[in-house]
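Please read these notes alongside the model.

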Amino acid sequence: MPDTTNTNRTPDRPTFLDAVADFALVFSRPDTAADLATRLSCREVDALAEMLRACGQVEAADLWIEEHATDDDEGDAHHTERGSEQ
């Protein structure tokens, strides 16, 4: 009778949906947005915000855009007067 024990077993990998849920949880943290949003391009922050919205994290998505806008220059996609004042 063949041995059915697999000694080369790899740990279970998370599903795509598990990974997306974890991503949304991690990037929904306000301190993460405050620390990183100004370092991203407009396109990058838009993609991140879109992913967060798709995961139901609308407030977090808005926060990423707001934090990013504080460092946008006039003519940039997210520029606001609030950003100009800083």
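1. Is Phe23 buried or exposed, or does Phe23 fall in between? Phe23 counts as partly exposed, because its relative accessibility is 30%. The classes are buried (under 20% relative accessible area), exposed (over 50%) and partly exposed (in between), with a 1.4 Å probe and protein chains only.

2. On conventions: this is a predicted model, in which local features need pLDDT of at least 70 and side-chain atom pairs count only at pLDDT 80 or more, while totals for chains, interfaces and linings use all residues. Residues are numbered from 1 along each chain as its sequence is written, and side-chain values use heavy atoms, with hydrogens and water left out.

3. The whole structure contains 2 aromatic pairs. In one of them, Phe23 and Phe27 are tilted, at 4.7 Å centre to centre with 35° between the planes. Rings of Phe, Tyr and Trp (its six-membered ring) pair if their centres lie within 6.5 Å; planes under 30 degrees apart are stacked, over 60 edge-to-face, and the rest tilted. Phe23 and Phe27 are 4 residues apart in helix α1 (residues 16-27), so about one helical turn separates them. Helices here are DSSP runs (H or I, at least four residues), numbered from the N terminus.

4. Phe27 is partly exposed at 24% relative accessibility. The pair of Phe27 and Trp64 is also tilted, because the ring centres are 6.0 Å apart and the planes lie at 45°. Since Phe27 belongs to helix α1 and Trp64 to helix α4 (residues 58-69), this pair ties together parts that are 37 residues apart in sequence. Trp64 is buried, with a relative accessible area of 1%. Phe23, Phe27 and Trp64 make up one aromatic cluster.

5. How do α3 and α4 pack? Helix α3 (residues 42-54) meets α4 at about 165°, and the axes are 7 Å apart. α3 is therefore roughly antiparallel to α4, a label for angles over 145 degrees. Axes are lines fitted to C-alpha atoms over the stretch in contact, and angles run from 0 to 180 degrees between N-to-C directions.

6. Contact (heavy atoms within 4.5 Å) between these helices involves residues including Cys42, Leu48 and Leu52 in α3, and Trp64, Ile65 and His68 in α4.

7. The whole structure has 0 disulfides, defined as pairs of cysteine sulfur atoms within 2.5 Å. Cys42 is buried at 18% relative accessibility, whereas Cys55 is partly exposed at 29%.

Notes. Helix = DSSP H or I, 4+ residues; strand = E, 2+ residues; numbered from the N terminus. Parallel < 35°, antiparallel > 145°, perpendicular 65-115°, else oblique.
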